[in-house]
Structure formats: C-alpha cells, structure tokens
Amino acid sequence: MGRYNSSITRVKPLGDAIRSNHDILKRMLSIVAPNVPSVFGDFEEKNVYYTGWQGEKALPATPEHLKVIIKKIVNDEAFRKYVQERDNSTKSNKDKRQLLFNLDQSMIEQASTSKFVQWNTFEGSSKPDLFIENDKFIILIEGKRTESDTTDKVSYLKHRSQMVRHIENALHHCNNAKQVIAFYVVEENCGYENHCVKEYIEKEIDAETIEKSHALKKAILDSFYGYTTWEKLSVALGINFPDMANE
C-alpha cells in the first residue's frame, strides 16, 4: 500500500477527528446506523484503537471457533491435508502439529482440551481498522482504499470473511452484552460495493469453512450495517483526507 496506505491516509484522520470531537462519531453513525447516534453516549480515549493512536485492537478468535477447527482437522481428511500443506509454524510447534495431523490420540486430546496457545491455534486475532467501545456499544470499522476486494480467507481457512471475523470476535469480547455496529468504509466506485452489503455477508457466512450456528449467524447479521464511502464522510464530517501519507 505504501504512500496510499488507508490506515494512514484514511483511518488515522478519521480516528483523530473522532477523538477530538465525539459528535463526529455520532454524525457518522447517523449515516450508516441512523437509529444509534442518540443513544450511543460518550467513550474514553483508552477505548479507541487505530493506527497512529493505540494501534489496532486485537480481537482473539473465540475458543469455540478454535475447537471446531481442531475437530475438523481430526474428522475431515481433505481439510486436514489443506491445513498441513499450509502449516508455517516454528519447528517446536510443527512437531506437535505433525502428531495432530497424524491423529495421535494424546495430541488430539491435548489440542482439544488445553488452553489455546501458539501450537494449537489455527486462526489468529482479527484487527479492525478502527475500534471504539463504551459501556453499551462496540463500533468496528474496516477501511478499504487500494484493495481490489474485501478479504474472504485466512491462512488455514479457505472461506473466512474478515468482517465476519471482526464481528464474531467482538461479540465474544463483550460476552454478547453490548450492541456491535460494524461497517466498511470504501472508496467511491471501488467496484465491490455489492460485497459490502448484508445480503453478501449472509452468503459469506453460509460459505464459511467453519459452519455457524443459526443464533451466531443472526447475531453477526444484526451487527452489520453495510458501508459508506470516504468521499461521503469527507463532505459530511468536514475531514480532509490526504491523498498520500506524509502530506
């Protein structure tokens, strides 16, 4: 991405503006989630994460999701081969994983019942570009600029939506006790606007390598609010987004 890096040229100016004026967040929410701004309330700066401030917020994959990956490795030969071919772990972790891939019963038991550490974790944390949290809500923003499409896979899962990951992990982060509001911000005429709408997210959930329960699918869909554009936010919020970094 280089000088056109969206984290620097788009997300950071937006995050800086929100931190300096909480009303800007409410005005932005009025565009993508019209029913939310009046009840969102305020937030503390320590609960705002983005590049250039506190860094991106890491949201670990849920234990339930990681356990199902282990179960699928054990029970699905084609999936096990797919993961094994892509294993890029360090030697000490690779040795343990090789025992798992060979269906060593003691290693299966250890992988399935112990805490998830590096060797038995087959999906890392997701990191939304902008994360804001208060006592009732979590806001997740995934910004795109130079990308040719949304992201729909991770190292070991052929079908794994980035946005679905963000929402699923955020719901677990708050123990389903807060309303999660997630959306994309993209460039006008990016060419993949139809991949940033609820109907497409629903298809992505159904296509996920790791199947979702009906309840989780509904919670994810209820948390997704589609997309807006950087151009629209620039006009509506009065933010001048630089064309390149260091401008």
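This is a predicted model: local features need pLDDT of at least 70, side-chain atom pairs count only at pLDDT 80 or more; totals for chains, interfaces and linings use all residues.
Leu103 is partly exposed, with a relative accessible area of 32%; on this scale, buried means under 20%, exposed over 50% and partly exposed in between, with a 1.4 Å probe and protein chains only. The residue sits in the loop between α6 and α7 (105-113), where helices (H or I, at least four residues) and strands (E, at least two) are DSSP runs numbered from the N terminus. Leu103 is not a glycine, yet its phi is positive, about 65°.

Residues are numbered from 1 along each chain as its sequence is written, and side-chain values use heavy atoms, with hydrogens and water left out.

A positive phi, near 60°, also occurs at Asn176, again a residue other than glycine. Asn176 belongs to the loop between α8 and β4 and counts as exposed, at 55% relative accessibility.

Five strands form an open sheet in the order β1-β2-β3-β4-β5, with mixed pairing; two strands pair if DSSP finds at least two bridges between them. The edge strands, β1 (48-49) and β5, each pair on one side only.

How much of strand β4 is buried? Seven of the eight residues in β4 (residues 179-186) are buried. Strand β3 (residues 137-143) pairs with β4 in the parallel sense over seven bridges, and Gly143 stands opposite Val185 in β4. Strand β5 (residues 224-229) runs parallel to β4 and is joined to it by four bridges, with Thr229 as the bridge partner of Val186.

Contact here means heavy atoms within 4.5 Å; axes are lines fitted to C-alpha atoms, for helices over the stretch in contact, and angles run from 0 to 180 degrees between N-to-C directions. Helix α11 (residues 230-237) lies across β3, β4 and β5, at about 75° to β5.

Finally, Asp87 occupies the loop between α5 (77-86) and α6 (91-101). Asp87 is buried, at 12% relative accessible area. Leaving aside residues up to four places away in sequence, Asp87 touches Lys94, Arg97, Phe101 and Tyr156.
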